[in-house]
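Look over the sequence and the structure before reading on.

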Amino acid sequence: MSASYSAVGWNRQKKLYDRILFGFCVAYLTCFIVLTAIVNRDYTFETVLIRSTSTLAVLLLHVILSIGPLARINTKFLPLLYNRRHLGVTMFCIAAIHGIFSILQFHSLSNVNPLVSLFTSNTNFFSLSDFPFQALGFFALIIFFLMAITSHDFWLHNLSPKVWKTVHMFVYLAYAFIVMHVMLGVIQYETHPVFVWLISIGALWLIALHLIAGTKEVRVDNKQFAPAKENYIELCNVNEFENGRAKIFCIKDERIAVYQHEDRLYALHNVCKHQGGPLGEGKIIDGCITCPWHGYQYLPKNGQSPPPFTEKVSTYLLKIVDQKVYINPAPLAEGTETAGALINKQLSVNQN
Amino acid sequence: MIKTLRKRHLQTWRLLAVLLPLGIISAYLVVPNPAVNQLLQPASVAALPVVLKSVKKDAYVINLRSNSNRTQFQLEWQNKIASVLPSSLIYKVSKPQNELIGRIDNRGIFRFALPSDSSVTLKDFQIIIHDIIHNQTTDTIKILP
């Protein structure tokens, strides 16, 4: 979390994450190149580079697309989500090396502009086996490029989280392009079935993960509550809360995070102002509710980020009657202070 | 995430759950079978001892080889310098359809077994080189006695 824009808000975790990522990429590329040199000495360096970067980029893309649903299925994966953008930018850089070297290798020796050659050397758009697969890779790379250059918070704030998220959902289209780029490209003349198996397993893994995570979310969204009595809806028993953690409830299509902070319960809108992260899946650190995605913080009593930050989320009125927790689902204005509901007393009502 | 966005994510993956397997299966089904059989030949197979015919160019040498009793035949492609084409297919010109012999890369020596009845057609043995990436024929070579 930062009060002003900087290229990267470095901290210990980000540095560690990036070192591991960099080390893995270097180790992968080195192993691929060395093994190829041992097994087949006739390959050129350009060919090995094109192949090693392509496989690494596809592998990283699968990891990137797995992190979101994994974090929704199991909170142990949330630390991976924290720095997913660095992984995405790294993947784009590696894919760009593949794309640039491929264009140089396959299209730079003619008297036609390489990019023109890319789209005119094969125009069999209506043939599946001869489909110009390189164009699919090119368009996927354009999407990754747009995502990489807009990955910074500057663009998030200027485009608004809603537009930014919508733009970044094009990664799914890019993934579909990549799958078909592989299937209509290398699979058409590489004979070993391992390539087909790998890309199929990767696609099935992602489909299964996203469907499981999505279905789990639908269950939370569709949970039914008893009708409101005097504007309050019964949520659950007060004993179900853990200090410093929250339970999430979906009421009237809006998710609300109810946090226990010391001896009181506080209710806030579940959606972080930064990237729409689930505040209820975070925890209270240094007295602040901390978003699990990128560490944005809010005070439990008023939903405001501590100064000098200006982010605010809506708060809600709570009360506890006979060990049952009740909420008034009408949101208060963003940043409105509430007293919370005192857990130790049998009856406690919020006061504005 | 807001509910609308969660719903959009799920709908997208439901769509991909149908389209991706469909795309993968369709693409796999159109993989050319003849190429699979031919391309499985190892490029490093041992050379047959007798050179029947030979074509020498600046960039490559092509040899038609056989064993001593002419029951086995082989096409040998030697790249003298790195070719500008990263990967090409060699076809033997024949009617009604050209026969795929094998795939060559831009460096190295490649040897491909020819059908045992090749002696009949060796008099006018002609091959074409097909660039896989650009999907076009880049060279036609007649191997004269």
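Predicted model: local features only at pLDDT ≥ 70, side-chain atom pairs only at ≥ 80, totals over all residues.

Residues are numbered from 1 along each chain as its sequence is written, chains are lettered from A and ligands numbered from 1 in the order in which they are written, and side-chain values use heavy atoms, with hydrogens and water left out.

Q: What share of the residues of chain A count as buried?
A: Buried means under 20% relative accessible area, exposed over 50%, and partly exposed in between (1.4 Å probe, protein chains only). Chain A has 352 residues. The buried share is 49%.

Q: How many helices and strands does chain B have?
A: Helices (H or I, at least four residues) and strands (E, at least two) are DSSP runs, numbered from the N terminus. From that end, the elements of chain B run α-α-β-β-β-β-β-β-β-β. The count is two helices and eight strands.

Q: At what angle do α4(A) and α6(A) pack?
A: Two packed helices are described by the angle between their axes and the distance between the axes. Axes are lines fitted to C-alpha atoms, for helices over the stretch in contact, and angles run from 0 to 180 degrees between N-to-C directions. Helix α4 (residues 84–107) of chain A has its axis 10 Å from that of α6(A). The angle is about 145°.

Q: Which residues of α6(A) meet α4(A)?
A: Contact means heavy atoms within 4.5 Å. From α4(A) come A:Val89, A:Met91, A:Phe92, A:Ala95, A:Ala96, A:Gly99, A:Phe106 and A:His107. Their partners in α6(A) are A:Gln134, A:Leu141, A:Phe144, A:Phe145 and A:Ala148.

Q: What is the relative accessible area of A:Leu146?
A: A:Leu146 sits in helix α6 (residues 133–149) of chain A. The residue counts as partly exposed. Its relative accessible area is 43%.

Q: How many residues apart in sequence are the parts that A:Arg72 and A:Glu217 tie together?
A: A salt bridge is a side-chain nitrogen of Lys or Arg within 4 Å of a carboxyl oxygen of Asp or Glu. The side chains of A:Arg72 and A:Glu217 meet in one (2.8 Å, N to O). A:Arg72 lies in helix α2 (residues 45–73) of chain A and A:Glu217 in helix α11 (residues 194–222) of chain A, so the pair ties together parts that are 145 residues apart.

Q: Is A:Glu217 buried or exposed?
A: The relative accessibility of A:Glu217 is 8%. Under 20% counts as buried. So A:Glu217 is buried.

Q: Which strand holds B:Arg111, the partner of B:Glu76?
A: The side chains of B:Glu76 and B:Arg111 meet in a salt bridge (2.6 Å, N to O). B:Glu76 lies in strand β3 of chain B. B:Arg111 lies in strand β6 (residues 109–114) of chain B.

Q: Which residues do salt bridges that share partners join into one network?
A: The structure holds nine salt bridges over all chains. Some share partners. The network joins A:Arg72, A:Glu217, A:Arg255 and A:Glu281.
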